[in-house]
Amino acid sequence: MQLGIMTIGDVTQDPTTGTTPTEHERIKATVEIAKKAEDIGLDVFATGQHHNPPFVAPGNPPTLMAYLAAQTENLILSTSTTLITTMDPVRLAEDYSYVQHLAEGRVDLMLGRGNTGPVYPWFGKDIRQGVNLAVENYNLLHRLWNEDVVNWQGKFRTPLQSFTSTPRPLDGVAPFVWHGSIRTPEIAEQAAYYGDGFFHNNIFWNKEHTAQMINLYRERYEHYGHGKAEQAIVGLGGQFFMRQKTQDAWREFRPYFDNAPVYGHGPTLEEFTDQTPLTVGSPQEVLEKTLSFREYAGDYQRQLFLVDHAGLPLKTVLEQLDMFGEQVLPELRKEYAASHNPEVPEAPVHPRVAEARTVQEGEHHA
Amino acid sequence: MRKATLVVVTAGLSEPSSTALLGERIADSVLARLRSEAHEVEVETVSLRSLAHGIADYMTMGFPSGEVGRALDTVRSADALIAVTPTFKAGYTGLFKSFWDLTDDDDLVGVPTIVAATGGTARHSLVIESSLRPLFAYLHADVVPTGVFAATDDFGADDSLQHRIDRAGAELADRIAWKLGGEHPGESDPVTAEPEPASPSLAGGNGLPPLKVTPFEDLLNG
């Protein structure tokens with residue numbers, strides 16, 4: 001089980017103090033948060049991609065990933081998400097391969113279509129072609145990574161003849177790809193077709209819907225012959241805010257929830273925690289609710305939490321991560337290990353990452 | 001032959017509501033007509049007043065909560081529909097529109113439908129043509145030619161309202177009877193002949209429509 005955090009890089013006013021970080025502060029905070037993720041023993045840090053305020057997630061995530069690769073040792077650097085619709089697949093192949101080399105293989109990525117409509121016209125694309133762009137662009141990206149010389153012709157970009165994308169993926173192994181989608185069955189189908197991972201970012205969704213999408217992906221994964229449905233590679237989102245005492249967590253988090261750009265001024269915190277993966281409470285409650293996700297998602301391989309949003313100050317975010325590392329993570333790993341179905345594989349990592357882990361574990365036992 | 005489901009969606013806000021009452025009277029008329037032809041129909045009523053909070057939550061949260069989900073499932077599984085709203089500010093009410101905004105574009109395709117409205121005076125009666133018909137035309141519902149508008153005065157006047165109700169009711173009943181297979185009961189059942197989703201895990205429910213699968217080769221070939 002890979003555990004980690006994901007960020008959307010929102011620059012949001014802290015509703016309790018009225019302070020808004022500068023873009024520079026927010027970007028540097030993102031780096032601190034990623035380093036903290038490594039310190040507490042998380043496996044993954046994933047950055048969003050944004051092209052509009054109030055976000056400072058990078059427009060091209062490998063810039064941040066390369067910097068983090070130099071600042072960390074073990075963390076897998078990923079995205080949440082990389083826009084497969086508006087980016088040139090040739091540049092994706094090149095940039096993600098490059099950062100994969102720098103990071104000794106500690107790179108994967110999650111593809112998405114984006115949630116801001118005008119990004120399509122800003123990059124000269126037609127939003128009505130969103131799914132078709134995702135299908136064609138990924139087909140080309142997949143070929144660029146897996147075939148040395150590509151001759152290709154499609155609808156959305158200029159044809160390629162005798163084209164070799166460089167650098168080639170590290171040791172000939174392409175970065176693992178997750179396909180992120182909340183409600184588009186075609187994307188679940190795409191993930192299943194290639195035998196790639198499927199990430200359902202369920203943080204604003206109820207479990208019935210999440211289960212429906214995951215079941216679709218699992219069933220089609222088996223249909224395309226990659227393994228049994230329960231062996232498919234599934235990732236989920238999550239959110240938590242904790243304090244030692246449940247009521248302290250609720251009191252402190254409520255103003256952030258009530259004013260959050262996405263769900264603020266809508267449902268109550270009570271309704272939202274009841275119906276979505278958001279947990280507000282004690283470390284024990286975070287542990288229990290996180291473990292309960294398997295009841296509707298099955299044994300899955302990646303759990304990413306959103307912790308640095310809605311104007312929460314950096315200090316609070318780092319505290320949250322420290323608490324998670326000390327009081328939730330060890331128990332969570334123990335529970336996952338104890339109940340793990342041996343037939344369900346872990347999420348694929350680059351062979352160099354797998355080897356480094358084996359060496360580390362060996363040192364631990366020695 | 002199975003029972004058909006006639007769903008009444010009413011956006012009346014008061015209790016008791018003349019809008020809900022109009023919906024009931026239209027449903028009764030449809031039932032009377034179908035019973036005389038020995039068709040079995042069951043009526044389900046969705047009252048939007050009690051769903052107002054849930055409808056707003058769905059809009060801000062992005063997914064349906066319990067009761068709104070069930071109401072959307074009910075509408076999605078309807079064999080025929082009666083949609084009735086008060087007239088506010090020269091149109092249907094915001095609550096009425098908000099509910100239909102939450103349905104999927106495919107939910108009402110071909111569903112026989114009566115559109116009906118209440119209003120303070122007969123001066124609002126074109127609300128049927130100017131506001132309700134365009135909405136249900138967009139949703140591709142099979143709206144019957146007669147719409148029913150009831151002004152407050154109609155509830156204390158001669159039987160002209162009942163006449164309009166029965167005319168619309170007959171038009172809807174005929175469509176339901178046709179859907180149910182008419183003179184060949186038990187032999188074929190066009191209502192249940194709709195294909196079931198390919199597998200249970202793709203089914204909808206809890207307010208969510210079923211998921212349709214397009215095989216990836218088809219997607220790749222554009």
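**Strands, a helix face and a contact**

Q: This is a predicted model, so what makes strand β8 (residues 176-180) of chain A count as mostly covered?

A: Being buried takes 20 or more other C-beta atoms within 10 Å of a residue's own. Four of the five residues in β8(A) are buried, so the strand is mostly covered.

Q: How do you know that β5 (residues 108-112) of chain A pairs with β8(A)?

A: Pairing needs at least two bridges. Four bridges join these two strands, which run parallel, so they pair. Within β8(A), His179(A) is the bridge partner of Leu111(A).

Q: And what joins β8(A) to β9 (residues 197-200) of chain A?

A: Three bridges, again with the strands parallel. Trp178(A) stands opposite Gly197(A) of β9(A). Together with α6(A), the two strands make a right-handed β-α-β unit.

Q: Over in chain B, which residues of helix α3 (residues 66-76) are buried?

A: Val68(B), Gly69(B), Ala71(B), Leu72(B), Val75(B) and Arg76(B).

Q: How many residues does each chain bring to the contact?

A: Chain A brings 24 residues and chain B 19 residues. On the side of chain A that touches chain B, α7(A) gives the most, with seven residues. By class, that side has eight nonpolar, nine polar and seven charged residues.

Methods: Residues numbered from 1 in each chain as written. Chains lettered and ligands numbered in written order. Predicted model: local features only at pLDDT ≥ 70, side-chain atom pairs only at ≥ 80, totals over all residues. Buried ≥ 20, exposed ≤ 12 C-beta atoms within 10 Å, placed from the backbone. Contact = placed C-beta atoms within 7 Å. Nonpolar A, V, L, I, M, F, W, Y, C, P; charged D, E, K, R; others polar. Right-handed = clockwise from strand over helix to strand, strands pointing away.
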